[in-house]
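Hi there,

Here is the structure I promised to pass on.

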There are 2 protein chains.
Amino acid sequence: MPQYQAPLADFQFLMKDWLSMDEHYQHLGIGEFDMELASEVLAQGAKFATDVVAPLNREGDEQGCRLENGEVTTPDGFAKAYQEYVENGWNAMLGTAEYEGQDLPYTMAVPVHEMLNSANLSWRLTTMLTESAVLAVTKHATDELKQTYLAKLISGEWTGTMNLTEPHAGTDLSLLNTKAEPQGDGSYKITGNKIFITGGDQDWSSNVIHMVLARLPDAPKGVKGISLFLVPKFLPDANGDAGERNAVSVGSIEHKMGIKASPTCVMNYDGATGYLVGGEHQGLACMFTMMNDARFQVGLQGLGASEASYQGALEYARERLQSRAPQGVQQPDEKADAIVFQPDVARMLLIQKSLTEGCRALSLVYAKYMDIEKLGSDDEKVHADKVLQFLTPVCKAFMTDMALETTSLGIQIYGGHGYIREWGMEQLMRDTRIAQLYEGTNGIQALDLIGRKLTRDGGKMLDATYEAFAALIDTMTDEALTDKARILLDDWHQSSKDCLSMDAADAAAAACDYLAYCAYSLIGVMWYSMADAASRGDNATIASSKMKTCQFYESRVLPRRDAHKAAFQAGCEDVLAIAGSEFDYL
Amino acid sequence: MPQYQAPLADFQFLMKDWLSMDEHYQHLGIGEFDMELASEVLAQGAKFATDVVAPLNREGDEQGCRLENGEVTTPDGFAKAYQEYVENGWNAMLGTAEYEGQDLPYTMAVPVHEMLNSANLSWRLTTMLTESAVLAVTKHATDELKQTYLAKLISGEWTGTMNLTEPHAGTDLSLLNTKAEPQGDGSYKITGNKIFITGGDQDWSSNVIHMVLARLPDAPKGVKGISLFLVPKFLPDANGDAGERNAVSVGSIEHKMGIKASPTCVMNYDGATGYLVGGEHQGLACMFTMMNDARFQVGLQGLGASEASYQGALEYARERLQSRAPQGVQQPDEKADAIVFQPDVARMLLIQKSLTEGCRALSLVYAKYMDIEKLGSDDEKVHADKVLQFLTPVCKAFMTDMALETTSLGIQIYGGHGYIREWGMEQLMRDTRIAQLYEGTNGIQALDLIGRKLTRDGGKMLDATYEAFAALIDTMTDEALTDKARILLDDWHQSSKDCLSMDAADAAAAACDYLAYCAYSLIGVMWYSMADAASRGDNATIASSKMKTCQFYESRVLPRRDAHKAAFQAGCEDVLAIAGSEFDYL
């Protein structure tokens, strides 16, 4: 596979020409941030991703992680790359300035995250989980806990983890068994087993801070009896440094399909000392405040894998000479034409391109609303929160489903070579497959979208999202493109409103198809909008590329929307009719 | 993952109630074969697949194959299972009775092949390649070569391989470089390198017979200058046993995404002794006589993986308790309901089921026409050949594309556990991914369908296929189902005829979507037909299951057909418009 190259030109187009980031920062009162600074941040992020992290990716997959004598070892070079990441301040991008963070706009950090995901997903994961822990502590911990932990988590001196899942409790957290017993001194003893803990331990940092869901004694049953605890691997000493070892250990590491260089740990808590974060029995609510961010970040993982696969496939398609193109000889001096000239290969590349760039556009719209939610006026914050609530499951599920398709196409373009590990294309597919599962399976995302986000407030999140995309259309100038975008958006809005009256079972049966329908529709709107903006920009290549990719998306990808619409409007009877031995005749 | 169970009840339904195999065998004059014998063959095949081969699958993936001192070692137990397979006569199922084969109808062998694929794809591959070598020798070799090699290949004492691909020549065999120099004694010296050779060597058999494409001196350029040679690993001695070592060796074995227990070899021919099979420069034609069979067999691999994944997912969905079903509490005595009651999980299971059983139906229709092509009247043979020519790329590509979707859904139903190797669900997806690539990528299948099969004879293969499926409809009795089937089939027929006038570039751009459109349409016709036949059968469970699955397929899967139709009717402009730096802006 070729060396990953950061898609800086596309970021530049999207941020400057399409979303007018300079105005956006001015409007939010953070004029010290502008496209000049953004370009510099992205260029430096690209350099780190391509020069430091990407070269470790292939070998990391082969080496995997090891657990020996209770200690986790990650692949060669991973710890050193992390030191450089921390030293250069990347870990602190989004941390609050109060605790030595950089308070960077999301619209600048998100492209850096995408690039890290493209370069080396396994490596990126531990830092992503730290960011989630930072959010949890920032939003819900006491000042005392913040003083002890936050600056070190933001800098990356210490890393963080999220501990939710237990063997019998994945989707259904009401079944959690892990216990927390108050010790009378403000601390608790945590006892239980957690599984699937990303970065549960590693050889990168001097301490690991676990955010753990557990039940207090006599807690209410179900999800209303869950509390959140901070449990450090080493208890801080009087100087605030990592001191005495806490009673938490790695029981084993999982053997997985992919992200083999990321240690996925079984964690054993044997009366480990922990501290309450947020109120008693408020654990799930505390977790949910991080959900938008973490789920969006998983969507970005799909985007990163998709971009890397597209780049690999494109380079191979340009170099691999096989047969002649049916539209006529393209390289008469060669024995055959490059396969990029084969219509079917171009078709696959354009599916990759139109979905990848469409999802990148979605990610930046999302990041823009994260900026607004943080810094906008009160009204803007309320509106932005609604948009984010609605788009979060769409981003998480669609961008990861999309990545499975695009990384598989990347393999397909390589032919048999795509199946050979050395080329790296199959690793992208294996690595990205996890993203459809964790942080809530994509089925759970879809239920969240149709069962909560769409319906719970009578469609207000839907309307806010409609307004957000209508605002994109309002800036368009080409009449034909504008009409198409408006018809598509209105049709989506109306079809969505038609779902408001669905009962719970119909909605559950419709969920995944409805989510896909939303994504194809909204990405379609963005393609019209991007083609329009590009035609007014100063880069002729991007202008013609965006217009042609938009046309491809319209003719070849957007029709899938109708298939999903037919499916989600089918009701639940066809899925609930079959039962028992009708499944297998045994 | 649960132990694989052979879907004998479905085979029974399809063969007896749906396709009336007893009549079929009588009609072909092989009344010694009947459903009673078929049931016995399938039951024994099921026993071998489940008891002997399936238990080796998971560990085989972990162990993989090794090359040490030029010798290939396969995982523990693989060689022993092969001995049992050979001893019990399974390898000889399809071989000609003239050389001690069993001349079994394809309709009996194909279900056994499906079961072997479900049980352990890596293990199955070497025997499948031997069957291809048997076909090549049977159809094209001299009597002298047949006397020496055929009985041993049919019994399985020796195994066979197919050697086509070279590093620079995959899809485009015109670029082949391997040379064959005549030695004046009827033999040739073969020199060159071949890659991706399945079962290139192993520790199972006393000899390996390679079928190798190479060029004679002064051969015409391109595919018209390729000849086929038989190159044994050991040259037979005077007694016909494996004697002197030939100058062919394994250069390396590939490290792959899946089918890790199948040795995929780089083969080096260093002046190895070989023998011409078929005429000079007729190598490609000789290969093509095996293509139908080999490509169909790869389709069956997809079917096998899909069935195994469905079974695994179904059992897990019935056991895994998480949350309550939205349509109401299902298991009040448990802490939660099994996820099989979740509409979204049932939806995923039904996609698996409707596609798997639909493809199984297709595989048996295909096998039926293979029987007819072998044993029918002259007119029937001509008709059957047309049907098989048309359906071959559909089976190969759709059944393997389908398998990627279904095995991925199998993972999804397991949630995070699906990503853990121990459970076996992710292995199915990794293993089946190769099937979209080898024996001609699925893109090549689609070009074969639209560029050759559909158009080359002005639509005669299309019409023959239309007649084959119309004959299924003719036996239906339910008026509503019959009408739906006929409308679907006629619409497909007409849309296909509309493609006859496409130029080469439009057809190439349309190919993959046209193939998917064909498959969804024809499987839809079969679903109506199966639901109809089941309603007249004596198994009430199968009757209601087939009807409900038919309804699901109609409402949730068949609408994809329209998306593919829109795409393949879009012409090639949208895929050929973009070029050069418009792909990546770099």
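**Salt bridges inside the chains**

Asp10(B) and Arg360(B) join their side chains in a salt bridge, with N and O 2.7 Å apart; the term means a side-chain nitrogen of Lys or Arg within 4 Å of a carboxyl oxygen of Asp or Glu. Asp10(B) belongs to helix H1 (residues 8-18) of chain B and Arg360(B) to helix H10 (residues 343-375) of chain B, so this pair ties together parts that are 350 residues apart in sequence. Helices here are DSSP runs of H or I with at least four residues, strands are runs of E with at least two, and both are numbered from the N terminus. Asp10(B) and Arg360(B) are both buried. By that I mean under 20% relative accessible area, with exposed being over 50% and partly exposed in between (1.4 Å probe, protein chains only).

Before going further, please keep in mind that this is a predicted model: local features need pLDDT of at least 70, side-chain atom pairs count only at pLDDT 80 or more, and totals for chains, interfaces and linings use all residues. Residues are numbered from 1 along each chain as its sequence is written, chains are lettered from A and ligands numbered from 1 in the order in which they are written, and side-chain values use heavy atoms, leaving out hydrogens and water.

Over all chains, the salt-bridge rule gives a count of 66. One of them links Asp344(A) to Arg347(A), whose closest N and O atoms are 2.9 Å apart. These two sit three residues apart in helix H10 (residues 343-375) of chain A, which means that about one helical turn separates them. Asp344(A) is buried at 5% relative accessible area, and Arg347(A) is buried too, at 7%.

Another salt bridge joins Asp532(B) and Arg536(B), at 2.4 Å from N to O. Both residues are in helix H16 (residues 504-536) of chain B, four residues apart, or about one turn of the helix. Asp532(B) is buried, with a relative accessible area of 0%, whereas Arg536(B) is partly exposed at 45%. In chain A, shared partners connect Asp10(A), Glu114(A), Glu307(A), Lys353(A), Glu357(A), Arg360(A) and Lys546(A) into one salt-bridge network.

**Where the two chains meet**

How many residues of each chain are in contact with the other chain? There are 98 from chain A and 98 from chain B, contact being heavy atoms within 4.5 Å. Together the chains bury about 8,200 Å², and 61% of that is on carbon and sulfur atoms; buried area is the accessible area (1.4 Å probe) that two parts lose on being put together, summed over both. Tyr419(A), Phe583(A) and Tyr585(A) supply 12% of the area that chain A buries against chain B, more than any other three residues.

Eight salt bridges cross this interface. Lys548(B) and Glu582(A) form a salt bridge with N and O 3.0 Å apart.

**A few helices and a strand**

Helix H3 (residues 35-53) of chain A has 19 residues and runs 25 Å from its first C-alpha to its last, close to the 27 Å expected; that expectation is 1.5 Å times one less than the number of residues. Its buried residues include Met35(A), Val41(A), Leu42(A) and Phe48(A). Among the elements covering the buried residues of H3(A) are helix H1 (8-18), helix H6 (106-119) and helix H7 (121-140) of chain A.

Helix H7 of chain A also holds Thr126(A), which is buried at 2% relative accessible area. Leaving aside neighbours within four places in sequence, Thr126(A) is in contact with Thr159(A), Gly160(A), Gly199(A), Gln202(A) and Trp204(A).

Thr159(A) and Gly160(A) bring us to strand S3(A), where they point opposite ways and are both buried. Five of the five residues of strand S3 (residues 159-163) of chain A are buried, so the rest of the structure largely encloses this strand. S3(A) pairs in the parallel sense with strand S6 (residues 208-215) of chain A over five bridges, pairing requiring at least two bridges found by DSSP. Within that pairing, Thr159(A) stands opposite Val208(A).
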